[in-house]
Amino acid sequence: MADSKPSSVHLPVVPSDSTTLGASYTCSQLSQFERCPLSFALQRAERFPSPAPPERRLGVVLHRALEDVVREHVRTGRIARIDRHRATAAFQWAWAHHDLSDHALFVDGLDLVARWARREGVVAPEDVLGIAQEFEVEVGGVRVRGHMDQVDRIGEEAVRVRDYTSSRLPPRREDAEASLKLAIHDMAARQLWPWAKRVELAVDLLRHDVRVAFERTDAQREATREYVRASVAQMRRGEFPARPSTLCVHCDQRTRCPAYADARAAKRAAGAADLDDLHVVAREREELALLLKALGERKDVLDEVLRAELEQQPELRLLGHRYTLSTAIRREYPLEGRWRGRSWRCKTPASVASRPSLASAPSTAAR
Ligand code: SF4
């Protein structure tokens, strides 16, 4: 297997002056602060970080596999199509060197890698400028570190910065264009490859066989510098408000977050909204959306307890309800549509979709 040590380029950081904030942050720290300042603060204070959820760890394995495949082409100077068997072998190798042990996720990852290999076509090693390319740049007086999944030359004076994602929900184009991480990648690429007059940012949606690509303007870059500067100033003032949203169910810090605890206890801050005031309507709507997600997560925990019991016996009759496990075999995830003129379909292995689901019905016999 190819050496997977990330390539590393450290740019000369702009010398400190009276306006330089001096601190150093990673792209993901800044993005986390943007999503929710409290989650950033809780994570920073965490002495023993909790392990990432399996889906996110699958993303790490996938990135490793894709990087290894392209790195091997570059190392050997081979101009050729990506070999699907080599790609799946790279995935198996990356999986074997990780701590995941979920059969359905493995099958899922194998499928994603095979599809990526088919889509990727020919790799021209001389056009690959960076793989897992590390950088450290100055943005608005703040040192920012990060890495770009892959950087390709796409013309005499242009580069494409690529970001792979195995997310199940395709980000909207506006979300990709507003991404702080990609905005910083754009600035890093301009400093790493100053000859590039054009920097294209591209998000490869591995599950949807789609690439979302765009460029940024000078005005947007200036706004990003100001934003980073203002964010770090907020951090320095120790301002870390909770920013609850439906994304809280994916937050690693939710078990320590008072706002999430309130949501799980179905505590409501907003009363019934005056339906004529759209701001109030939106606030109550978002609060209820979070409550439903948080309560749904709790319900999933309770379902798992009942499901474990039903592995031992065919049915449970409790409090006037009859619980059973029912198996529905479905071979495709029912998500398909069109994205920027291209159709896509999200496939899920049958073994995932056919997991027995918990069925509950009023029980007349047990009352
Ligand atoms: S659970 Fe929500 S509000 Fe709490 S820290 Fe996480 S993202 Fe912020």
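This report walks through a predicted model, from the whole chain down to one residue.

Residues are counted from 1 along each chain, in the order its sequence is written. Since the model is predicted, local features need pLDDT of at least 70 and side-chain atom pairs count only at pLDDT 80 or more, while totals for chains, interfaces and linings use all residues.

The protein chain has 11 helices and 13 strands (DSSP runs numbered from the N terminus: H or I of at least four residues for helices, E of at least two for strands). Out of 367 residues, 26% count as buried. Buried here needs 20 or more other C-beta atoms within 10 Å of a residue's own, exposed takes 12 or fewer, and partly exposed is in between, with C-beta atoms placed from the backbone.

Two residues are in contact if their C-beta atoms, placed from the backbone, lie within 7 Å. Among contacts in the protein chain with a separation of 6 or more, 71% come from residues 24 or more positions apart.

## Helix α5 and its cover

Helix α5 covers residues 103-120, and its 18 residues should span 26 Å at 1.5 Å a residue; the end C-alpha atoms are 26 Å apart, so the two agree.

Asp-108, Gly-109, Leu-112, Val-113, Trp-116 and Ala-117 are the buried residues of α5. Their cover includes α3 (54-76) and α4 (84-96).

## A closer look at Leu-62

Leu-62 sits in helix α3. Leu-62 counts as buried because it has 23 C-beta neighbours inside 10 Å. Leaving out residues up to four places away in sequence, Leu-62 touches Gly-109, Leu-112, Val-113, Ser-166 and Leu-206.

Trp-95 is 33 residues from Leu-62 in sequence, yet their C-alpha atoms are 8.4 Å apart in space.

## Around the ligand

There are 14 residues around the ligand, and Cys-36, Ser-39, Cys-248, Cys-251 and Cys-257 come nearest. A residue is near if its C-beta atom, placed from the backbone, lies within 6 Å of the molecule or strand in question.

Both α2 (37-45) and α9 (258-264) supply at least two residues of this shell, and α2 gives the most, with three. By class, the shell has 10 nonpolar, two polar and two charged residues. Nonpolar means Ala, Val, Leu, Ile, Met, Phe, Trp, Tyr, Cys and Pro; charged means Asp, Glu, Lys and Arg; the others, Gly among them, are polar.

Notes:
The expected span of a helix is 1.5 Å times one less than its number of residues.
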